[in-house]
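Please look at the model shown here before reading on.

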Amino acid sequence: MPSTRTASRGVRAADWADGRLGVYSLARANLRKIFPDHWSFMLGEICLYSFVIIILTGVYLTLFFKPSMAEVVYHGPYAPLDGIRMSEAYASTMNISFEVRGGLLIRQIHHWAALVFVAAMFVHMMRVFFTGAFRKPREINWVFGFLLLFLGMLDGFFGYSLPDDLLSGTGIRFIEGTILALPLVGTYVQMFLFGGEFPGTDIVPRFFTLHVLLIPGVMLGLLVAHLILVFHHKHTQWAGPGRTEKNVVGMPLMPVYTAKAGGFFFLVFGIIAVISAIATINPIWAYGPYRPDQVSTDAQPDWYMGFAEGLIRVMPGWEVRALGHTLNLGILVPFLLFPLVLGAIAVHPFIEAWITRDTGERHLLDRPRNAPVRTALGAAWISLYLVLLAGGGNDLFATHLHLSLNAITYAVRIGAFAVPVAVFVITKRWCLGLQRRDRDKVLHGRESGIIKRLPHGEFVEVHQPLTPEQLHRLTAHRQHRPLELPSRTDGNGVARKAGPLTRTRARLSAAYFGPGGQTAKPTPAEYRELAGGQHSNTH
C-alpha cells in the first residue's frame, strides 16, 4: 500500500507539471533524439564540461576572494612575505592558497579548466572548420562558437589578472601600454578603464565584475543558444552507408547518449583534478605582490594570449610624428592585427558560401582531403598562430637554447610571412595526393602485397576490390564545379565584361574547385570499365 500511495503521488506531481509545462510532449519529442557517435564529436563535450567546472570552482573562489586594491600588511603562514605591504586582492588569494581548506586545489582546477576550455574550443572549432560542419544552416552557430572562444580568451585574461601579483600586474601594464598607443582616444580610454593614472585603485574591482558577472553571463547565453541550435539543426555526421543529408544514424539521447555523456563529464573532471593536484600553475607566492617599479622575469601570459604578445614583440618599433603627435606603429599595428588574425577564420564560412553559391543544407561532413583549399587555409592559419606564439616566448627560447634574441626575432618576422605560405602549398598538395590515392583505390582496388605470375610469365600484384562501404566512403563527397563568367550583352548585342565582383568570385571558384584545387573522383562509368579487367585478377 505505501508504494502504491507513493506512486500515485508521483503521477499526480507529474500530471501537475505537465499541465503547466507540457513535460510529456516535450519529452516524447526530444528525449529520443538521435546523436551520431564519433570520437571527434567529444571535443565539443570537453568544452562544455570544462566550462561547467570553471563555473563551479569560480563560485567557490568568490566566497573568499576580496576584489580590492586597498593596501594591507601580510601576516599569514607564508613566512617569506610576512610584513610585506600588498593589496587585499593578493592577500585574499594567498589566504585561499594557504589557509582555506582545499583552496589551492580549487584555484588550480579553476585555472587548468580555463586552459582546457580554450584549448578544447580551439581544437573543436578546427574540427568543425576542416570538416565543413559550418555550412548552411550552421553559419550562425559557427559565429556563436567563435564568440565563445574570443570571450573565453578575454575572460581568461581578466581572471589571470585578479590576484594582483607581479606577473599579472606586468600583463596589465602591457595592456595599458597598448591602449595608450591608440591615436587621439588612447589616453581617454586608459583613464576611463583604470579610473585614473596606472595602476589606480579600480582596475581589480572592475576586472572582477567583468570576470565573474558580465562575460560569463554573455558566454552562458551564447552556450545555451549554441546547444539549442545544435539540437534544432540535428548533429552533423560522417558519410557512410544509410547516412544522407536528411537523416541521422546514431544513438538516442535517452538513455544511451546521456549515460555516456555523464560518464565522460566525470572523466574530464577527474583528469583536470589530477593535473591540478600534481602540476603547479600560477604560484603567485613565488612572484610577490605587484609593484609598478618592478617587472617579473620570464613574464609570459597563458598560451592562448601568447600570439598577441608575439605580434608586439616582433613588430619593429616604428613611430610616426606629425602635427605634434606621435603614432606608435610598433604597438598600434599588432593591436589592430590581433582581431584580424582571429576574425579571418570567423568569416570564412560566409566567404566560402559566397564562392560556391551552395544554398542547400549540408549535414554530412567532408573529409579534410576532399576540400584541399579550405584545409590548406586552416593549416596556414594555425601555422601563423604557432609562429607568433613562438615570438611571444622569444626570450625563453634565447635563454634556454642559448640563441641570439635578435636572431629569433628576425626568424619570427620572416616566418610570419613565409611559413603560412609554405604550409598552405604543402597542405594543398598533400590533400591532392591523398585524393589521387583514393581515386586509385576506387578504380584499381587495394594493394594486397600478393604477387601473381600470369600464364605468359608476367608478374603482377593482386589488387583486392574494396567493399561497398569503403567505396561509398571514398566517393560520397560532393564536388563543386568552378563558376563560369556569365555572358552579358548590351542592347546592340555587343558583349560586355562582367563586373569586378563577379570576376573575383569566378577566380576564387577556379582556385577552389578548378583542376589545381581538386582531383575529380571516379565516375560510375570509369569504375565499371576497369572493374572487369582489374578485379578479374583478384582470385
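## Overall make-up

The protein chain holds 20 helices and 10 strands, where helices (H or I, at least four residues) and strands (E, at least two) are DSSP runs numbered from the N terminus. This is a predicted model, in which local features need pLDDT of at least 70 and side-chain atom pairs count only at pLDDT 80 or more, while totals for chains, interfaces and linings use all residues. Residues are numbered from 1 along each chain as its sequence is written, and side-chain values use heavy atoms, with hydrogens and water left out.

Along its principal axes, the C-alpha trace of the protein chain spans about 95 × 90 × 65 Å. Of the 539 residues in the protein chain, 43% are buried; buried means under 20% relative accessible area, exposed over 50%, and partly exposed in between, with a 1.4 Å probe and protein chains only.

The C-alpha atoms of Pro500 and Leu389, which are 111 residues apart along the chain, are separated by 37 Å.

## A pair of helices

Helix 3 (residues 42-62) packs with helix 10 (residues 253-278) at an angle of about 60°, and their axes are 10 Å apart. Axes are lines fitted to C-alpha atoms, for helices over the stretch in contact, and angles run from 0 to 180 degrees between N-to-C directions. Helix 3 and helix 10 are therefore oblique to each other, since angles under 35 degrees count as roughly parallel, over 145 as roughly antiparallel, 65 to 115 as roughly perpendicular and the rest as oblique.
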